[in-house]
Amino acid sequence: MLIYNSSKGYGAIPQAAHWLTVILVAVAWTLGFFGDDLPKGPQRDAGLWVHISAGLAVLILLVVRLTWNVFNPPPSARTTTLGIWSVRLRQAAHYLLYALLIAVPVAGIVLQFAHGESIPVFGLFEIVSPWVKDRAFSRNIKEVHEILAHTLIVVAGFHAAVALIHHWILRDRTLARMLPRFGE
């Protein structure tokens with residue numbers, strides 16, 4: 001398995017960051033959407049802790065991935081039968097995904113602070129809220145956080161659907177570039 005990107009595909013670091021981000025976003029969204037259905041008390045508290053930890057991990061992975069891209073650029077986008085527009089659309093979709101991967105956790109952090117609550121950082125320490133509790137502000141931020149999170153899921157779903165279309169219909173290597181290549 002290659003660590004670095006090649007002309008054929010992504011290396012192990014961006015692949016791991018990509019697929020781990022997929023899992024963390026799914027976990028965070030699921031707990032955010034269904035977390036209020038958990039029984040009040042330790043179970044709901046644990047769900048919120050995992051939700052927050054997953055969001056923080058998404059931010060950290062995004063920083064790792066973007067930093068990695070500076071030192072080891074991703075493979076160039078190949079023009080498909082759709083021409084240059086497919087490359088431009090791919091770039092726009094990736095920028096939108098990156099923007100949402102930043103905006104959703106940041107809105108979550110602001111929401112936690114608007115509740116007047118600390119941010120638990122993986123159980124290691126807490127970042128104390130710089131604000132006092134503000135119910136009206138927290139309601140507004142909660143709505144923004146939820147809309148952004150749902151938008152992220154929809155855009156990620158389109159991203160996955162397009163990758164599958166490339167794989168099964170266009171029969172190119174778009175999806176294979178993000179999958180492990182053993183023995184190369």
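## Contacts of F137

F137 touches V110, A114 and W131, leaving aside residues up to four places away in sequence; contact here means heavy atoms within 4.5 Å. F137 has its place in helix α4. At 32% relative accessibility, F137 counts as partly exposed; buried means under 20% relative accessible area, exposed over 50%, and partly exposed in between, with a 1.4 Å probe and protein chains only. F137 and L111 are 26 residues apart in sequence, and their C-alpha atoms are 8.3 Å apart in space.

N140 also has its place in helix α4. N140 is partly exposed, with a relative accessible area of 49%. The C-alpha atoms of N140 and A114 are separated by 9.8 Å, and the two residues are 26 residues apart along the chain.

## The model and its numbering

This is a predicted model, in which local features need pLDDT of at least 70 and side-chain atom pairs count only at pLDDT 80 or more, while totals for chains, interfaces and linings use all residues. Residues are numbered from 1 along each chain as its sequence is written, and side-chain values use heavy atoms, with hydrogens and water left out.

## Overall layout

The protein has four helices and two strands. From the N terminus on, the elements run α-α-α-β-β-α. Helices (H or I, at least four residues) and strands (E, at least two) are DSSP runs, numbered from the N terminus.

The C-alpha trace spans about 55 × 30 × 30 Å along its principal axes. Of the 184 residues of the protein, 36% count as buried. Among contacts with a separation of 6 or more, 66% are accounted for by residues 24 or more positions apart.

## Helices α3 and α4

Two packed helices are described by the angle between their axes and the distance between the axes. The axes of helix α3 (residues 84-114) and helix α4 (residues 135-170) come within 9 Å and cross at roughly 155°. That makes α3 roughly antiparallel to α4. Axes are lines fitted to C-alpha atoms, for helices over the stretch in contact, and angles run from 0 to 180 degrees between N-to-C directions. Angles under 35 degrees count as roughly parallel, over 145 as roughly antiparallel, 65 to 115 as roughly perpendicular and the rest as oblique.

α3 passes α4 in a left-handed crossing. A crossing is left-handed if the near helix is turned anticlockwise from the far one by less than a right angle, and right-handed if clockwise. Residues making the contact include L97, L101, V104 and L111 of α3 and F137, I141, L148 and L152 of α4. The residues of this contact of α3 with α4 divide into 17 nonpolar, six polar and one charged. Ala, Val, Leu, Ile, Met, Phe, Trp, Tyr, Cys and Pro count as nonpolar, Asp, Glu, Lys and Arg as charged, and the others, Gly among them, as polar.

## Helix α1 and its partners

The axes of helix α1 (residues 12-34) and helix α2 (residues 42-71) come within 9 Å and cross at roughly 155°. That makes α1 roughly antiparallel to α2. α1 passes α2 in a left-handed crossing. The contact includes A17, L24, V25 and L31 of α1 and V50, A54, V58 and W68 of α2. By class, the contact of α1 with α2 has 15 nonpolar, five polar and one charged residues.

The axes of α1 and α4 come within 11 Å and cross at roughly 140°. That makes α1 oblique to α4. Here too the heading is α1, which passes α4 in a left-handed crossing. H18, V25, W29 and F33 in α1 meet A149, H150, L152, I153 and H159 in α4. The residues of this contact divide into six nonpolar, three polar and no charged.

## Nonpolar cores

The largest nonpolar core has 17 residues, and those with the most contacts inside it are L24, V25, V58, L101 and L152. A nonpolar core is a set of buried Ala, Val, Leu, Ile, Met, Phe, Trp, Tyr and Cys residues joined through side-chain atoms within 4.5 Å. L101 touches T21, V25, V58, L59, L62 and L152, not counting residues up to four places away in sequence. A second, separate core of five residues includes L56, F113, I119 and V121.

## Two positive phi values

Most residues other than glycine have a negative phi. Phi of F122 is near 55°, a positive value. F122 lies in the loop between β1 (119-121) and β2 (125-127), and is partly exposed.
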